[in-house]
Amino acid sequence: TMASNVTNKTDPRSMNSRVFIGNLNTLVVKKSDVEAIFSKYGKIVGCSVHKGFAFVQYVNERNARAAVAGEDGRMIAGQVL
């Protein structure tokens, strides 16, 4: 199942469980790729891809922290996240 495109909720719980992914090669990397990479850290409820960056919304903050710890500095499609 594809996650929704909603990643802009402003309630504190949503904000704390959201991950900003910067310096993303969005010419190559699609929403489905982002979900595939980041789903190993927990259930993704939302994912939005923009020019050069993306947001992933997890169910909880623990998942978000694990994703940041696991993917920060990783190279994807020739660019370091």
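A residue counts as buried when its relative accessible area is under 20%. I start from that cut-off because burial comes up in several entries below, and by it 41% of the 81 residues of the protein chain are buried. The model I am reading is a predicted one.

**Entry 1: overall form**

I looked up the secondary structure and found three helices and five strands in the protein chain. I then followed the elements from the N terminus, and they run α-β-α-β-β-α-β-β. Along its principal axes, the C-alpha trace spans about 35 × 25 × 20 Å. I also checked the radius of gyration, which is 11 Å; this agrees with a compact globule of 81 residues, because such a globule would have a value near 12 Å. For contacts, I took those between residues at least 6 apart in sequence, and 64% of them join residues at least 24 apart.

**Entry 2: the record**

I consulted UniProt, where an unreviewed entry lists residues 17-81 as "domain: RRM". In the model, that span is 29% helix and 32% strand. Its end C-alpha atoms lie 18 Å apart.

**Entry 3: the sheet**

In what order do the three strands of the open sheet stand? I read the order as β1-β3-β2, and the pairing is antiparallel. The edge strands are β1, residues 18-21, and β2, residues 44-50, and each of them pairs on one side only. Ignoring direction, I find neighbouring strands of this sheet turned by 10° against each other on average.

I went on to the pairing of β2 with β3, which covers residues 53-58. Six bridges join these two strands, and they run antiparallel. As one example, I noted V49, whose bridge partner in β3 is A54.

**Entry 4: helices on the sheet**

Which strands does helix α2 lie across? I find α2, residues 31-38, across β1, β2 and β3. Helix α2 runs at about 135° to β2. Helix α3, residues 61-71, lies across β1 and β3. I noted its direction as well: α3 runs at about 25° to β1.

**Entry 5: a salt bridge in α2**

I counted the salt bridges in the structure, and there are four. One of them joins E35 to K31, with the closest N and O atoms 3.2 Å apart. Both residues sit in helix α2, and because they are four residues apart there, about one helical turn separates them.

I next looked up K40 and E71, whose side chains meet in a salt bridge at 3.5 Å, N to O. This pair links distant parts of the chain: K40 is in the loop between α2 and β2, E71 is in helix α3, and they are 31 residues apart. K40 counts as exposed at 55% relative accessibility, whereas E71 is buried at 3%.

Which other residue does E71 meet in a salt bridge? I find R74, at 3.0 Å from N to O. With 32% relative accessibility, R74 counts as partly exposed. K40, E71 and R74 are therefore joined into one network, by salt bridges that share partners.

How values were computed
Residues numbered from 1 in each chain as written. Predicted model: local features only at pLDDT ≥ 70, side-chain atom pairs only at ≥ 80, totals over all residues. Heavy atoms only, no water. Pairing = 2+ DSSP bridges. Axes fitted to C-alpha atoms, helices over the stretch in contact; angles between N-to-C directions. Contact = heavy atoms within 4.5 Å. UniProt positions renumbered as here; feature names shortened; annotations may be inferred. Buried < 20%, exposed > 50% of the residue type's maximum accessible area, 1.4 Å probe, protein only. Rg over C-alpha atoms; globule rule 2.2 N^0.38 Å.
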